[in-house]
Amino acid sequence: MIKMEKGKISTAMGSSNIALGKYWGKRDDKLILPMNSSISLTLGEELSTRTSVVFSDDFKEDSVYINGEREVVADSSKDESGTVLRLLRAAAETTSKCLVVSENSFPTASGLASSASGIATLTYAASHALGLDLDATELSKIARQGSGSACRSLFGGAVKWNAGTMPDGSDSYAVQLFDQNHWPELTDIIAITDARRKRFPSRAGMKQTIQTSVLYKARMAYVNDALTAIETALKDRDFETLAERTMRESNDLHAVAMDTWPPLFYLNDISKAIIYRIHELNDSAGKFIAAYTFDAGANAHVITTAQNADSVKAELSKLDGVVSTMRVGIGAGPRMLGDSDSLINANDLSPILKH
Ligand code: PMV
């Protein structure tokens with residue numbers, strides 16, 4: 001076992017991602033192995049997490065602060081941060097406890113609380129703090145076991161999480177399809193329609209879907225076709241195909257959610273008004289200029305191009321019930337920050353809490 005008397009403080013920044021081809025359902029709950037592959041865009045640092053980590057033998061227990069609040073971290077597969085810390089400690093052959101201080105760049109009460117940026121950034125920062133020399137593929141496998149969608153945030157640009165077929169998960173990790181400079185005009189306009197934390201956590205929701213939804217079997221039969229179309233549309237910068245496939249994929253996810261028993265309704269009436277409005281905008285433009293997509297929540301991500309971003313944002317802001325809108329670009333993967341950005345006091349290893 002490696003002793004870490006007073007380790008180094010590592011600070012990293014990483015972004016969230018939005019799935020165009022969605023992950024919904026696991027073939028292995030413990031290892032977080034998905035039923036199908038998925039494709040996402042890594043978002044810009046407007047929607048990011050900054051995390052500082054230090055390991056030390058002086059700590060009696062792990063302390064994890066997220067947005068100023070101390071979280072209870074359990075060493076169980078149900079705990080997202082706890083799982084990542086357990087796997088990294090095993091890789092580093094240490095039992096040292098750690099201090100983690102994490103802040104989101106977006107307001108906590110925006111309904112955007114995303115495990116993807118948090119878990120991906122924790123994986124990245126903690127692996128550096130432990131002096132581990134793991135590549136993005138290995139980090140992606142570790143982040144996946146914390147929270148599935150987080151494995152895609154280890155890369156920038158357009159990213160595919162290959163479902164893999166191996167029972168041990170060794171071939172289930174994210175790969176970069178295209179970097180953030182491939183199609184830099186792509187823009188995400190986020191419309192907040194519900195600032196609360198989501199009601200049905202995706203982990204429990206997708207499990208219920210697999211167990212009860214008849215439509216889910218139909219989804220499994222064609223989801224790979226949708227992913228191929230999305231990947232080709234990204235490669236060719238073909239917004240028409242990307243937009244239609246993205247909207248249909250979102251609708252399909254919410255169809256199987258509603259077919260779950262008891263049903264899962266993630267969209268609210270304002271989400272539906274956004275869906276109608278985007279179809280109207282596309283109809284009046286005579287082509288697809290914007291595409292909505294919703295994860296397990298009511299807030300919209302509207303994918304458009306830089307050319308139409310301001311007008312789409314203005315249209316969304318006008319809708320009754322839209323609390324706020326945010327324009328976000330395509331981002332790079334996580335990166336290390338310098339000491340001046342640290343959220344941990346180097347003198348006494350205490351957290352620097354912003355909230
Ligand atoms: O990784 P989780 O447990 O947060 O699940 C994510 C599920 C969706 O956001 C709905 C889809 C996706 O691929 O991100």
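At 45% relative accessibility, Asp236 counts as partly exposed (buried is under 20% relative accessible area, exposed is over 50%, and partly exposed falls in between, using a 1.4 Å probe and protein chains only). Its salt-bridge partner is Lys235, with the closest N and O atoms 3.2 Å apart; a salt bridge here is a side-chain nitrogen of Lys or Arg within 4 Å of a carboxyl oxygen of Asp or Glu. Lys235 is partly exposed as well, at 47%.

A word on the ground rules. This is a predicted model, where local features need pLDDT of at least 70 and side-chain atom pairs count only at pLDDT 80 or more, while totals for chains, interfaces and linings use all residues. Residues are numbered from 1 along each chain as its sequence is written, and side-chain values use heavy atoms, with hydrogens and water left out.

**Salt bridges**

How many salt bridges does the structure hold? The count is 17. Among them is the pair of Lys207 and Asp29, whose closest N and O atoms are 3.1 Å apart. Lys207 sits in helix α4 (residues 202–212) and Asp29 in the loop between β3 (26–28) and β4 (33–34), so this bridge ties together parts that are 178 residues apart in sequence. Helices (H or I, at least four residues) and strands (E, at least two) are DSSP runs, numbered from the N terminus. Lys207 is partly exposed at 41% relative accessibility, and Asp29 is partly exposed at 39%.

Now for Arg219 and Asp252: are they buried or exposed? Both are buried. Their side chains meet in a salt bridge at 2.9 Å, N to O. Arg219 belongs to helix α5 (residues 215–236) and Asp252 to helix α6 (residues 239–259), so the pair links parts that are 33 residues apart in sequence.

**Around the ligand**

The ligand has 13 residues around it, and Tyr23, Ser149, Arg152, Ser202 and Asp295 come nearest; a residue counts as near if one of its heavy atoms lies within 4 Å. That shell divides into five nonpolar, five polar and three charged residues. In this scheme Ala, Val, Leu, Ile, Met, Phe, Trp, Tyr, Cys and Pro are nonpolar, Asp, Glu, Lys and Arg are charged, and the others, Gly among them, are polar.

| Residue | Distance from its side-chain N or O atom to a ligand oxygen atom |
|---|---|
| Ser147 | 3.4 Å |
| Ser149 | 2.8 Å |
| Asp295 | 3.4 Å |

The protein covers 93% of the 380 Å² of accessible area that the ligand has on its own, with areas from the Shrake-Rupley method and a 1.4 Å probe.

Most residues other than glycine have a negative phi, and most peptide bonds are trans. Asn67 has a positive phi of about 50° although it is not a glycine. This residue is found in the loop between β7 (63–66) and β8 (69–71), and it is buried at 11% relative accessible area. Leu349 also has a positive phi, near 50°; it is placed in the segment after β16 (335–337) and is buried at 12%. The peptide bond from Trp261 to Pro262 is cis, with omega near -10°, and Pro262 is found in the loop between α6 and α7 (269–285).

As for disulfides (a pair of cysteine sulfur atoms within 2.5 Å), the count is zero. Cys98 is buried at 0% relative accessibility, and Cys151 is buried at 0% too.

Note on methods: A polar contact is a pair of N or O atoms within 3.5 Å; within protein, one must be able to donate a hydrogen and the other to accept it, and residues adjacent in sequence count only if both atoms are side-chain atoms.
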